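Biologist: Walk me through this one, please. Keep it brisk.

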Amino acid sequence: MSKNPLSNPVLLLASTLAGGALFLGIWSWQQWLQNTQGRSQPQALAATVLSEPRPLPDVSLVDQDGNTRALRQLEMGWSLWFFGFTHCPDICPNTLGLLAAIKQSMANDAAGRKIQTVFVSVDPQRDTPEKLRAYIDYFDKESVGLTGSREAIDALTSSLYLPYVIHAPDEHGDYNVEHSGALVLVGPDNTARAYFTAPHKRADLIHDLRLLTGDSPDA
Amino acid sequence: MILLLALTAACSSNDEPASCAQLSVEDAWIREAPPGAPVLAGYMQLGNPGSNTIDILSASSADFERIEFHHTLNENGGMRMQALEFLRVPAGGKLTLSPGAQHMMLFTPTRALRAGDKVTMTLMCANNESLDIVYEVRRYSAEQDDHSHHH
């Protein structure tokens, strides 16, 4: 039992503080969502729709090919954004696999709408553009991977109220990253439109995405 | 909480040694990961037909640098990974490791693992017995999961 990482009081404290920070961040996100969601929120939606589209911050990130991408000048149509890191063997592959399946379903239906997947790594220290590309290509070769400076990542995550916490490294130099499980729907005008909170249900997502992306004048 | 669990584990394993070998293993698999992925996840279902709790303290494999047990927790939308000191298979019960829940975290694969490959892992139980389990590498799709997991 000597290997228990929680037996180190300093790590335990750090871990508790970090967990608390994430919890507080998510709590304030939920408060904010409650206050900002549209009054005309259709009851049948699993998504939380923002009453006013929220522009992405005026910062640039780096994509999986090493290109600088200004978030206000993206031209990718509708997109679903997920935040994670590649040292993430369970929830990130679950979500990226789900997004790939949803994209395929949406592309095959009558409207044939493409919903681009955007995976933002909040762990630029380990996730170089090359690693990001290998990771996202496995699920969907058309998806976009973004990462960048800590400042730019923080500008984006705080603007979207999606907190993350990077933990102190363990004795192997590995560290864990806590992140939101939420998906953000971003419109073709690079504004956040709606949130989906985990756990995600494929049928709900497809249902909502059809409605949310179907009646927009700029779609 | 963790400490309490650890204490009760120590007590229960003192009674009558529960044999690791009596565990039944079903659906042991490893999720095929993107090429070069530094960490993979393993899943399985263990059944304990005996009348004593069986605790698994560690796992090792020639195909990974090290293995930890983790639990993915969804806390109000925040995804958190909790390291587990051990896996517990209740007497007369089951322990299920599955995507989005408890899983084995497999660090630094020593070879590229593709769907269909087999990997042997050795589980060490509380009474110092070990159990070898063969895991199949599978390509996993969330779509399948949606349709197959109706509890």
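Modeller: Terms before anything else. Helices (H or I, at least four residues) and strands (E, at least two) are DSSP runs, numbered from the N terminus. This is a predicted model: local features need pLDDT of at least 70, side-chain atom pairs count only at pLDDT 80 or more, and totals for chains, interfaces and linings use all residues. Residues are numbered from 1 along each chain as its sequence is written, chains are lettered from A and ligands numbered from 1 in written order, and side-chain values use heavy atoms, with hydrogens and water left out.

Biologist: Which residue other than glycine has a positive phi?

Modeller: A:Asn190, with phi near 60°. Its place is the loop between strand S9 (183-186) and S10 of chain A. For context, most residues other than glycine have a negative phi, and most peptide bonds are trans.

Biologist: New topic: the interface. How many residues does each chain put into the contact?

Modeller: Chain A gives 37 residues and chain B gives 40, where contact means heavy atoms within 4.5 Å. About 3,000 Å² is buried between the two chains, and carbon and sulfur atoms give 57% of that. Buried area is the accessible area (1.4 Å probe) that two parts lose on being put together, summed over both.

Biologist: What about polar contacts between chain A and chain B?

Modeller: 13 residue pairs, both residues at pLDDT 80 or more. A polar contact is a pair of N or O atoms within 3.5 Å; within protein, one must be able to donate a hydrogen and the other to accept it, and residues adjacent in sequence count only if both atoms are side-chain atoms.

Biologist: Which elements of chain A give two or more residues to that side?

Modeller: Helices H1 (9-36), H2 (91-108), H3 (129-139) and H5 (202-214), plus strand S8 (177-180). H2(A) has the largest share, 6 residues. By class, chain A's side has 19 nonpolar, 11 polar and 7 charged residues. Ala, Val, Leu, Ile, Met, Phe, Trp, Tyr, Cys and Pro count as nonpolar, Asp, Glu, Lys and Arg as charged, and the others, Gly among them, as polar.

Biologist: How many salt bridges cross between chain A and chain B?

Modeller: The rule finds 2: a side-chain nitrogen of Lys or Arg within 4 Å of a carboxyl oxygen of Asp or Glu. One is B:Arg66 with A:Asp174, 2.1 Å from N to O.

Biologist: And over all chains, how many salt bridges?

Modeller: 16. One of them joins A:Arg133 and A:Asp65 at 2.8 Å, N to O. A:Arg133 lies in helix H3 of chain A and A:Asp65 in the loop between strands S2 (60-63) and S3 (68-70), so the pair ties together parts 68 residues apart in sequence.

Biologist: Back to S8(A). Which strand of chain B do its bridges join it to?

Modeller: S5 (residues 78-84), antiparallel, through 2 bridges. Strands pair if DSSP finds at least two bridges between them. A:His179 partners B:Met79 there.

Biologist: Parallel or antiparallel for S1(B) with S10(B)?

Modeller: Parallel, over 3 bridges, with S10 covering residues 130-138. B:Trp29 stands opposite B:Glu136. S1 (24-31) also pairs with S2 (39-47) of chain B, antiparallel over 5 bridges.
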